[in-house]
Amino acid sequence: MRRTLIRLLFAVALPAVLIALWWLASDGSTNVYWPPLRTILKTFPDVWTGDRLKTDVLPSILRLAAGYATAAVAGVAIGTVIGSYRRVRAVCEPVLEFLRAVPPPVLVPVIMLFAGIGDTMKIVVIASGCVWPVLLNTVEGVRAVDPVMKETALSYGVTGVARLRTLVLRSASPQIFAGLRQALSIGIILMVISEMFAATDGLGFTIVQFQRSFAIPDMWTGILVLGILGFLLSVVFQMVERRVLGWYHGLRAAARRSP
């Protein structure tokens with residue numbers, strides 16, 4: 001119980017300090033672009049009603065989920081193939097490095113030409129940016145599978161799908177989750193950027209509309225919603241990761257306790 005309270009204290013300490021500093025720094029501000037925090041918080045419940053959450057936040061979350069899931073499946077599948085075969089890796093790595101170096105926001109106008117301006121475009125933009133950290137981390141994780149474990153699995157006749165599921169993906173899962181964590185933050189950024197182009201709803205669209213109409217406190221409330229959304233998604237991700245990688249964290253804890 002005490003350890004939980006200490007962890008909770010450390011988790012809320014820095015945000016509390018930052019909020020206090022923001023409150024003090026903006027208190028009494030007359031700059032139209034830098035309203036006091038108390039004004040932003042007072043505006044928040046009037047702007048983000050249940051209807052607006054349904055019409056703007058929910059579509060953004062659904063697009064993010066679709067793009068992120070697409071990138072996760074494609075990244076793990078392609079990364080597993082590339083990481084498992086040396087010749088495939090030798091052929092694909094130069095192309096992958098080139099494509100990874102292209103910033104996803106630059107591709108938005110190109111993707112719009114092929115996918116239109118609807119939800120498909122936004123999902124493709126999110127997936128095109130999220131796939132790289134998942135794919136590259138999967139490649140490295142598959143390559144790092146212990147050769148002794150490979151030989152042991154072969155000796156016991158563990159091959160095919162069973163070998164892929166119980167050995168390769170399980171051994172690479174810590175690296176895969178590292179890529180998924182990076183992809184989540186990239187996905188949130190691309191979600192907002194994609195909704196700034198020819199959109200009719202979503203968080204990115206709403207924030208831009210507030211900015212264009214000079215509703216500055218409303219715009220800041222949208223930024224706060226993005227921060228809250230990112231925090232909640234991070235908490236959910238940590239819960240899933242802790243559950244899926246329980247065996248891995250247990251091994252690390254046991255290694256730390258051993259002399």
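I'm calling a residue buried when its relative accessible area is under 20%, exposed when it is over 50%, and partly exposed in between, using a 1.4 Å probe and protein chains only.

**Ground rules.** I'm looking at a predicted model, where local features need pLDDT of at least 70, side-chain atom pairs count only at pLDDT 80 or more, and totals for chains, interfaces and linings use all residues. Residues are numbered from 1 along each chain as its sequence is written, and side-chain values use heavy atoms, with hydrogens and water left out.

**Whole protein.** I looked up the elements and got eleven helices and zero strands; helices here are DSSP runs of H or I with at least four residues, strands are runs of E with at least two, and numbering starts at the N terminus. The C-alpha trace spans about 75 × 55 × 30 Å along its principal axes. Of the 259 residues, 35% are buried.

**Gly 187.** Is Gly 187 buried or exposed? Gly 187 counts as buried because its relative accessibility is 0%. I found Gly 187 in helix H8, residues 160-195. Skipping neighbours within four places in sequence, I see Gly 187 in contact (heavy atoms within 4.5 Å) with Leu 64, Ile 126 and Cys 130. I also checked Glu 93: from Gly 187 it is 94 residues away in sequence and 23 Å away in space, C-alpha to C-alpha.

**H2 and H10.** Next I checked how these two helices cross. Their axes come within 9 Å, at roughly 80°; axes are lines fitted to C-alpha atoms over the stretch in contact, with angles from 0 to 180 degrees between N-to-C directions. So H2 is roughly perpendicular to H10, a label for 65 to 115 degrees (under 35 is roughly parallel, over 145 roughly antiparallel, the rest oblique). Among the residues that meet are Phe 44 and Val 47 in H2, and Trp 220 and Leu 224 in H10.

**Second largest pocket.** A pocket is an open set of points on a 1 Å grid over the protein atoms alone, where a 1.4 Å probe fits, with protein on both sides within 12 Å along at least five of seven lines; lining residues have an atom within 4 Å of a point. Which helix gives the most to the lining? H1 does, with five residues. H1 (2-26), H2 (37-47) and H10 (216-244) each supply at least two. I noted Trp 22, Phe 44 and Gly 227 among the lining residues.
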